[in-house]
Amino acid sequence: MNYLANPTETKAVLQLFGFDIKKKYGQNFLIDENTVRKIVLKAGVTKEDTVLEIGPGIGTMTQILCEESKKVVAVEIDSKLIPVLSETLSMFDNVTVINEDVLKCDIREISKVYNEGMALKVVANLPYYITTPIIMGLLENYADIIESVTVMIQKEVADRINARPGTKDYGALTLATEYYASVSKVADVSASCFIPRPNVDSSVIRLDIYKERPVKVRDERLLFKLIRAAFAQRRKTMVNSVSAVTDFSKEEIKEALCLIGKSENIRGEVLSLEEFAALSDRLCSVSNDTVM
Ligand code: SAM
């Protein structure tokens, strides 16, 4: 069998099918076998696992995933790639390709149909134009049926996910990933490993989804409302940004901050996940008091 993860095979397949690479779908195909194998290895895929691959492209990583896992379900938006995948994956009987937009896909249904409702491992070289919506969608909607997410993304997004409080990269994405998963950076990948070369640097990260969240809050929606408010206008104080988007008065927010030991002038960009959680629970008590 010819592996696709090299420039010669990839160009031959693209030519054979007269396939024009589409920028609008973020199509940067991997052409480096070491990188593809490293991603699959670091994803910890075994013969027990059902893998969800987002954006298989011409099937480069899918081939290796099929060899290493029990089953691969690959979701690809570009209908022009479906005949290509039928050919390049024809030697595998453990793969299903679904022609759909992953952002509209019911991943719970995929887990039910292809893995008896059990947890999936997500592995992908993501289309960079929708990296954040894909990662946030997986975490917010499917954390209970996903075991891990190992994905190639822009290095700049990996830096935001891995950021520390008070730095310029720290933000809502950092806190959301920290809430749902333990994060590790697996590799940095050179632009020369893709056709066409992306004009940004790339990294592979692995998110291991927590079975229990590292912080417990009384109202998860309020926690994320506070986080979004804090970073919508980072230079504003928490008092101003939270009062602008909630019914809490400035006095109530100041008091809640005081009760968690923070200054009333503090900005959200320096608060840790635990501190956001504490503030959220304090404000939750205020709203309960108001109701009663
Ligand atoms: N996995 C292949 C590889 O590594 O060579 C291709 C990766 S390429 C960066 C991203 C792939 O995602 C493309 O095949 C693209 O068509 C597909 N894609 C883009 N948007 C998508 C979406 N919303 N849903 C599913 N697939 C998508």
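Is E212 buried or exposed? At 59% relative accessibility, E212 counts as exposed. Buried means under 20% relative accessible area, exposed over 50%, and partly exposed in between (1.4 Å probe, protein chains only).

## About the model

This is a predicted model: local features need pLDDT of at least 70, side-chain atom pairs count only at pLDDT 80 or more, and totals for chains, interfaces and linings use all residues. Residues are numbered from 1 along each chain as its sequence is written, and side-chain values use heavy atoms, with hydrogens and water left out.

## Two domains

The chain is assigned domain 1 (7-209) and domain 2 (220-291). These bounds come from an automatic or database domain assignment. The C-alpha centres of the two domains lie 35 Å apart.

## Where the domains meet

Contact here means heavy atoms within 4.5 Å. By that rule, 12 residues of domain 1 touch 13 residues of domain 2. Together the domains bury about 1000 Å², with 65% of it on carbon and sulfur atoms. Buried area is the accessible area (1.4 Å probe) that two parts lose on being put together, summed over both. Y170, L175 and Y179 supply 50% of the area that domain 1 buries against domain 2, more than any other three residues.

The count of salt bridges between domain 1 and domain 2 is 0. On the side of domain 1 that touches domain 2, the residues divide into 7 nonpolar, 3 polar and 2 charged. In this scheme Ala, Val, Leu, Ile, Met, Phe, Trp, Tyr, Cys and Pro count as nonpolar, Asp, Glu, Lys and Arg as charged, and the others, Gly among them, as polar.

## Nonpolar cores

A nonpolar core is a set of buried Ala, Val, Leu, Ile, Met, Phe, Trp, Tyr and Cys residues joined through side-chain atoms within 4.5 Å. The largest has 66 residues. I54, I153, M238, F276 and L283 have the most contacts inside it. This core draws at least three residues from each of domain 1 and domain 2.

Take L283. Leaving aside neighbours within four places in sequence, L283 is in contact with L222, L226, V242, F248, E252, I253 and A256. A second, separate core has 34 residues, including I64, V72, L85 and L89.

## Salt bridges

The structure holds 16 salt bridges. Each is a side-chain nitrogen of Lys or Arg within 4 Å of a carboxyl oxygen of Asp or Glu. E212 pairs with K216, their closest N and O atoms being 3.5 Å apart. K216 is exposed, at 60% relative accessibility.

R206 bridges to D208, with the closest N and O atoms 2.9 Å apart. D208 is partly exposed, at 24% relative accessible area. E269 and R234 form another salt bridge, at 3.3 Å between the closest N and O atoms.
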